[in-house]
Amino acid sequence: MARLEFALWDAVGGYSQKEEVMADVYAQHIRLAQEIEQAGWHSYFVIEHQNSPVGRITAPSVYLTAVARATSVLRIGAMMWQLPFYHPIRLAQEIAMLDHLSRGRVEFGTGIGVHEHEFIRWGMDFYQRAAIAGEVMEIVKRAWTAEEVTFEGKYFKFDEALPQPKPFQQPHPPIWAAVHSEAAIEFAARNNYHVAQNLDTDEVVAHKFDLYRQTWRECGHPGPMPRVFLMRQVHVAETDEQAHEEARRFIASREGGAVPVGGGPIERTRIGWGTNPRGMGRDGERPHDKERGEAIFKAAQDYEFNIESGLALVGSPETVIRRLEQGQKRIGYNIFCCNHEIGQMPPDLVANSIRLFGKEVVPAFR
């Protein structure tokens with residue numbers, strides 16, 4: 001069996017009730033990070049959201065510093081830090097400090113964001129986000145590798161900035177690109193970044209990762225090839241029947257499912273999801289985004305579609321191991337990231353799923 005590393009994607013109380021004290025929620029999830037470290041998981045990831053009902057991680061570096069100090073070998077990161085929202089020198093310094101405080105365990109996941117309303121609420125141009133992120137990334141890398149940063153771009157200007165400290169990992173932490181479009185995938189390959197995906201079906205992901213590997217080879221980068229990361233909803237129970245019975249109530253469920261794009265509390269605000277109810281402004285009409293949006297819409301309605309398309313991995317430990325082997329051969333990922341907190345699934349079911357995965361599935365791929 002080929003070696004496979006496992007990551008946990010943690011919503012960190014994304015569906016917590018308003019009356020819950022976030023200090024308690026954060027403490028609970030830091031304990032979860034300690035538990036998966038003891039069970040042999042490779043890494044632990046959160047995601048940044050601003051202006052969001054599930055946005056409990058609005059400052060990833062702050063939260064991950066607490067995780068770093070409570071663990072010793074678990075690799076940590078955000079998938080992703082939303083680059084357009086950052087002052088690039090301060091971001092470079094924050095990540096470098098986190099890298100030292102964790103003694104070199106940071107995985108730097110980068111992305112530009114997809115929800116238009118998050119940008120509107122901060123007075124930012126949603127359609128400039130890729131260009132802004134490009135400058136941010138260029139400056140961050142310079143800050144990590146050069147003694148001074150002098151830069152004049154469209155969005156940022158620095159005259160002999162002196163960023164400190166440099167990262168613990170040399171020349172810098174691993175850089176991940178969280179990508180969807182083919183243009184973004186080719187960008188990641190040209191820059192020799194590790195690549196991550198989550199929302200497309202297995203068939204589409206396989207095609208996109210093949211494109212990434214082909215483009216990477218054509219660029220003539222010195223090896224080894226960067227890593228490939230796939231995140232999926234995962235639910236494990238003692239038997240297949242029990243796992244499906246439990247998961248069905250929260251996957252493709254109006255009552256217990258995730259907050260829907262275009263709905264939920266954001267829809268009831270004055271700005272809503274922005275200029276388009278699908279949440280991506282006019283970008284939602286681009287062919288690849290439209291195709292992915294249609295798949296997400298179908299997934300929200302049809303439980304079996306989630307299982308058959310690979311968007312959700314549900315079953316006993318034995319079934320999950322078998323499907324991971326099949327997916328690894330078909331798609332070629334070497335880090336599989338599990339989202340066990342599916343919609344509003346009760347904490348006891350989530351905890352049992354994580355426990356079974358760590359006890360039965362993780363050791364099978366060592």
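Trp122 is partly exposed in this predicted model, with a relative accessible area of 41%. Its ring pairs with that of Phe85, and the structure holds 15 aromatic pairs. Two of the pairs, one aromatic cluster and two arginine contacts are set out below.

**The Phe85–Trp122 pair**
- Phe85 and Trp122 form a tilted pair, at 4.8 Å centre to centre and with 50° between the planes.
- Phe85 sits in the loop between β3 (75-82) and α3 (88-101), while Trp122 sits in the loop between α4 (116-120) and α5 (129-145), so the pair ties together parts that are 37 residues apart in sequence.
- Phe85 has a relative accessible area of 13%, so this residue is buried, the limit being under 20%.

**The Phe187–Tyr193 pair**
- The ring centres of Phe187 and Tyr193 are 6.1 Å apart and the planes stand at 70°, which means that the pair is edge-to-face.
- Tyr193 is buried at 4% relative accessibility, whereas Phe187 is partly exposed at 36%.

**The aromatic cluster and arginine contacts**
- One aromatic cluster is made up of Phe85, Phe119, Trp122, Phe126 and Tyr127.
- Within this cluster, Phe126 has the charged end of Arg129 over its ring, 3.8 Å from the ring centre.
- Tyr127, also a member of the cluster, has Arg282 over its face, at 3.7 Å from the ring centre.

Conventions
Residues are numbered from 1 along each chain as its sequence is written. This is a predicted model: local features need pLDDT of at least 70, side-chain atom pairs count only at pLDDT 80 or more; totals for chains, interfaces and linings use all residues. Side-chain values use heavy atoms; hydrogens and water are left out. Rings of Phe, Tyr and Trp (its six-membered ring) pair if their centres lie within 6.5 Å; planes under 30 degrees apart count as stacked, over 60 as edge-to-face and the rest as tilted. Helices (H or I, at least four residues) and strands (E, at least two) are DSSP runs, numbered from the N terminus. Buried means under 20% relative accessible area, exposed over 50%, partly exposed in between (1.4 Å probe, protein chains only). A charge sits over a ring if NZ of Lys or CZ of Arg is within 6 Å of the ring centre and within 35 degrees of the ring normal.
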